[in-house]
Structure formats: structure tokens, C-alpha cells
Amino acid sequence: MTSTATSSRRDNVEGLRFIGPERLARNLQAILVDLIELHLQGKQAHWNLVGTNFRDLHQQLDEIIDTAREASDTIAERMRAVRAVPDCRSDTVSATTTLPTVPAGEVSTTDVVALVGDRLIATVATVRQAHDEVDADDPASADLLHAVIDNLEKYVWMVSAEHQQA
């Protein structure tokens, strides 16, 4: 194949590649920073957790952290696939997350249940708020959000059940 033919073929493929609109990039970026912040705050709670039921909650936090980390990677990779550029720098995450800050120092298991539950709910709210616009711009990206919502809402239920009485 000649250089001209290769160049022409590349131009045709590039012309067919989906490029997400700016609104899609903004929505995915908002979700990304909340997922990253959820991961980081989960680690903070995981390392500084004390009290009754420590081991079970410590292990459950690992699951939540892994889920948030994997979801953030999926969203960032989707952004690259639609030619958006994810910004995961710590200053960007801290400046743009919707999650409230996490307290420093040791935190009781009771307080961690409330703290993590609130952060999970806030992250889900960010995903749900962006969902309809993402779906209108790119249904494939919206499909990824469904999995994020499903996974995080499962953890909302599990964490909140920690203090429920039958």
C-alpha cells in the first residue's frame, strides 16, 4: 500500500470516529472527580477506622474503594475513547468534587458508616444528575454509568444496613 493510500485510509477511519461534544466531556469529568474522591476518602476512612466491627467494615471499605477506583478508570478511558481529556490531578479533584471533605484522624466505625454512606449517595447523585445529558450525547457512555449507579447503590444499601434494626 502506498503512503497516499495509507494516509487516505487513516483519514477515512478518523472521519468515522465518534468525538464527544464538550458537554459529554464536562459530565464525565464531574463523575470522574467524584469517583476519585470517593476512592481517596474511602482509603482515609479505611486506614483510620476504629471501633466495634472494625474488621468487617475495614474489608467492606476495600470493596468500595476497589469499585470506585475501577469505575474511575472506566470513565477516564471512555473519555479518551471519545477524545476528551480527563483531568485527575489532585488539585483538580479537590477543587471540583461535590463530596464534602473527610475528617482527619481516627474515626469510629459508627461515624464511618454515616460518612461513607453520605459520600456514596453524593457520588450516585452526581452520576444520576449527569445521566440524561450523557445518554443524549452518547448512549454507550450512559451504559457505563448504569453499572456505576448499580454498584454504588448496592454499597449504599449494604453500608446503611449496618445500623438498621429489624
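I'll start with the core. The largest nonpolar core in this predicted model has 43 residues, and those with the most contacts inside it are Leu61, Ile75, Val112, Val116 and Leu120. A nonpolar core here is a set of buried Ala, Val, Leu, Ile, Met, Phe, Trp, Tyr and Cys residues joined through side-chain atoms within 4.5 Å. Buried means under 20% relative accessible area, exposed means over 50%, and partly exposed lies in between, with a 1.4 Å probe and protein chains only. In soluble globular proteins, nonpolar side chains tend to be buried together.

A word on conventions. Residues are numbered from 1 along each chain as its sequence is written, and side-chain values use heavy atoms, with hydrogens and water left out. As the model is predicted, local features need pLDDT of at least 70 and side-chain atom pairs count only at pLDDT 80 or more, while totals for chains, interfaces and linings use all residues.

Now the chain as a whole. It comes to 6 helices and 2 strands, in the order α-α-β-α-α-β-α-α. Helices (H or I, at least four residues) and strands (E, at least two) are DSSP runs, numbered from the N terminus. Of the 166 residues, 40% count as buried. Take the contacts, meaning heavy atoms within 4.5 Å, between residues at least 6 apart in sequence: 81% of them join residues at least 24 apart.

Back to Leu61. What does Leu61 touch, not counting residues up to four places away in sequence? The list is Gly42, Ala45, His46, Leu49, Val112 and Val116.

Next, helix packing. The axes of H2 and H3 come within 8 Å and cross at roughly 155°. That makes H2 roughly antiparallel to H3. Axes are lines fitted to C-alpha atoms, for helices over the stretch in contact, and angles run from 0 to 180 degrees between N-to-C directions. Angles under 35 degrees count as roughly parallel, over 145 as roughly antiparallel, 65 to 115 as roughly perpendicular, and the rest as oblique. The crossing of H2 past H3 is left-handed, a label used if the near helix is turned anticlockwise from the far one by less than a right angle, with right-handed for clockwise. By class, this contact of H2 with H3 has 15 nonpolar, 6 polar and 3 charged residues. Nonpolar covers Ala, Val, Leu, Ile, Met, Phe, Trp, Tyr, Cys and Pro; charged covers Asp, Glu, Lys and Arg; the others, Gly among them, are polar.

For H2 and H5, the axes come within 9 Å and cross at roughly 165°. That makes H2 roughly antiparallel to H5. H2 passes H5 in a left-handed crossing, and the contact has 15 nonpolar, 4 polar and 5 charged residues.

Last, the loops. Asn53, in the loop between strand E1 (49-50) and H3, is not a glycine but has a positive phi of about 70°. Asn53 counts as partly exposed, at 35% relative accessibility. Arg83 lies between H3 and helix H4 (90-96) and has a positive phi of about 65°, again without being a glycine. Its relative accessible area is 35%, so Arg83 is partly exposed.

Asp87 also lies in the loop between H3 and H4. How far apart are Asp87 and Gln29 in sequence and in space? They are 58 residues apart in sequence and 7.2 Å apart in space, C-alpha to C-alpha. Asp87 touches Gln29, Leu32, Val33 and Thr92, leaving out residues up to four places away in sequence.
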